[in-house]
Amino acid sequence: MKRSLFGRLWPNVTAVILFIGFVFPVYWMFATAFKPTGDIISEDPVWFPADVTFEHFKRATGADHFWTYVGNSLIVTVCAVAFALVVALAGAFALARMRFKGRRGFVIGFMLAQMAPWEVMIIAMYMIVRDASMLNSLLPLTVFYMMMILPFTILTLRGFVAAVPRELEEAAMVDGCTRSQAFLKVILPLLAPGLMSTSLFGFITAWNEFPLVLVLNKEAESQTLPLWLSSFQTAFGNDWGATMAASSLFAIPILILFVFLQRRAVSGLTAGAVKG
Amino acid sequence: MTVQTERPPSGPVDVAKTTPSRPGGRRPATGKRSGAFVPYLLLLPACAATVLLLGWPLLKDVLLSFQNLNMAQLIQHVTEWNGVENYKQVLTGEDFWRVTLRSILFTAVNVALIMVAGTLIGLLLARLGKRMRLTLMLGLVLAWAMPVVAASTVYQWLFAQRFGVVNWVLDKLGWHSMADYSWTSSQMSTFFVVTLLIVWMSIPFVAINLYAATTTIPSELYEAASLDGAGVWKSFTTVTMPFLRPFLYATTFLEVIWVFKAFVQVFTINGGGPDRLTEILPVYAYIEGVGNQHYGMGAAIAVLTILILLGLTAYYLRIVLKQEEDEL
């Protein structure tokens with residue numbers, strides 16, 4: 001059964017158009033960041049930058065407090081993800097492997113918690129943090145970010161734990177492992193791809209968070225990159241080169257992590273599925 | 001021995017459903033042997049965190065909504081209860097209803113666009129050759145991974161009044177009045193940019209997961225369908241769609257939640273402007289509460305927003321909870 005030339009052609013043509021549509025904003029960000037200013041403010045857009053300059057990146061990284069923001073973002077994000085993973089792993093194991101009264105209630109509870117409308121709760125969170133005299137501090141951000149990613153982390157890890165064959169764990173226990181040894185030696189290594197992709201999504205959520213830090217931290221010393229980026233344009237006026245350089249710097253870690261880890265995480269698991 | 005794993009749960013959607021349905025009756029009664037309190041102990045940190053960091057703010061929000069809390073009370077640290085005054089003021093005012101209607105329309109348009117385009121692109125992915133599929137996937141993943149604030153900054157540049165690419169293209173296409181158009185100057189054009197941004201960011205999740213879901217459809221089903229004389233369309237409606245339906249429901253539901261509270265996109269593109277005409281409920285709550293320092297009012301709007309969101313998703317929420325109940 002052969003498809004007509006048209007039938008073979010249109011999916012590919014559509015795919016190319018869609019590819020351009022999805023990639024263009026990302027491409028334009030990088031292209032603008034590397035273009036000399038003269039090419040940015042030209043009457044006709046320069047589609048492919050001929051001269052490359054790092055001038056804009058210098059201006060962006062030279063902005064006040066830039067490295068403070070980078071440090072703050074990293075501390076808050078990494079700590080939130082690490083805490084969430086530890087707390088979630090214990091819970092996910094119980095939910096996936098143990099039978100106990102009220103298990104259903106816990107799962108449903110976390111499913112609901114996952115849908116928490118954080119954007120709408122910022123006023124209450126502001127009041128709580130203010131009453132605790134913790135405004136302009138990284139600690140409230142860290143713990144709230146941890147909470148934002150916790151339900152998702154638990155539910156996803158629960159799926160990954162459940163996917164590890166029960167027989168492997170039982171075999172280890174027959175061979176004399178205790179339950180916790182079986183967990184550490186058998187399940188944990190098999191969970192590596194799951195842990196990676198889960199922490200990746202947690203990392204992205206925390207790295208991107210904007211409304212809470214907008215309300216809580218008004219002092220530059222305690223702000224994070226998203227807030228800096230959103231105010232960058234106000235501070236730098238129509239300096240699109242520097243603004244796009246700033247956006248690029250903010251986006252690069254996530255883009256790399258995402259493209260790299262998404263493939264790893266998926267291939268790690270599907271490898272087993274194909275064999276089965 | 002080969003390790004057999006289920007397909008990876010590629011996101012929050014599948015998790016509940018792809019949990020392998022273990023053969024029943026074969027479960028060793030593990031919990032009982034080693035102390036029945038162990039699972040609770042393991043869950044304790046997570047539950048404590050949820051109560052403290054999610055439950056408490058939620059409760060606090062409700063409490064605040066019954067207080068008269070403005071600049072003065074905030075500075076003096078006094079608590080003035082004023083009953084349902086905030087709610088009365090919000091619900092009798094015209095603004096709240098206008099913003100609510102706007103939010104619902106905004107959500108409906110965005111979710112419809114995301115779901116239709118996302119589904120079509122997902123099906124297209126299934127139909128493409130390997131190389132082309134990977135290329136398109138790469139494009140989708142890049143858009144998906146793009147951090148929100150960075151993406152909204154880039155969109156502001158794309159739609160910039162001077163030197164923006166979009167205006168240049170429209171001008172070259174013969175629409176000369178757009179050459180110096182300011183996209184943030186009117187309600188509809190601002191919404192257009194925000195919608196484009198949201199749809200662009202959200203399609204990849206739907207498309208890639210939908211494509212992943214199509215790969216789990218056993219090819220035997222298609223063979224059987226074609227043996228029964230089903231054409232392309234027929235096998236699509238009788239095999240593909242029934243398989244994808246639960247996924248589509250779940251995704252629509254998630255997208256409704258995400259779009260309804262799309263604070264960041266709306267706020268960063270134009271701050272709810274011009275003239276507060278593009279405020280959706282979360283932005284409205286923020287601007288009334290934090291911006292205009294009517295914290296009590298803002299909290300009341302927030303509570304109402306949560307209730308509306310619950311109302312919008314109640315139907316699906318019931319299905320999910322029921323499904324979960326059956327599965328466990």
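The model is predicted: local features need pLDDT of at least 70, side-chain atom pairs count only at pLDDT 80 or more, and totals for chains, interfaces and linings use all residues. Residues are numbered from 1 along each chain as its sequence is written, and chains are lettered from A in the order in which they are written.

Start with the two chains. In chain A, 87 residues are in contact with 86 residues of chain B (contact: C-beta atoms, placed from the backbone, within 7 Å). On the chain A side, helix α12 (residues 240–275) gives the largest share, 18 residues (helices: DSSP runs of H or I, at least four residues, numbered from the N terminus). That side holds 65 nonpolar, 16 polar and six charged residues. Here Ala, Val, Leu, Ile, Met, Phe, Trp, Tyr, Cys and Pro count as nonpolar, Asp, Glu, Lys and Arg as charged, and the others, Gly among them, as polar.

Across the boundary, 14 residues of domain 1 are in contact with 14 residues of domain 2. Helix α15 (residues 295–327) of chain B gives the most to the domain 1 side, 11 residues. That side has nine nonpolar, five polar and no charged residues.

Finally, find L136(B) in helix α7 (residues 130–145) of chain B. Why does L136(B) count as buried? Because 26 other C-beta atoms lie within 10 Å of L136(B), and the cut-off for buried is 20 or more. Leaving aside neighbours within four places in sequence, L136(B) is in contact with A15(A), L18(A), F19(A), L125(B) and L128(B).

Note on methods
Two residues are in contact if their C-beta atoms, placed from the backbone, lie within 7 Å. Helices (H or I, at least four residues) and strands (E, at least two) are DSSP runs, numbered from the N terminus. A residue is buried if 20 or more other C-beta atoms lie within 10 Å of its own, exposed if 12 or fewer, and partly exposed in between; C-beta atoms are placed from the backbone.
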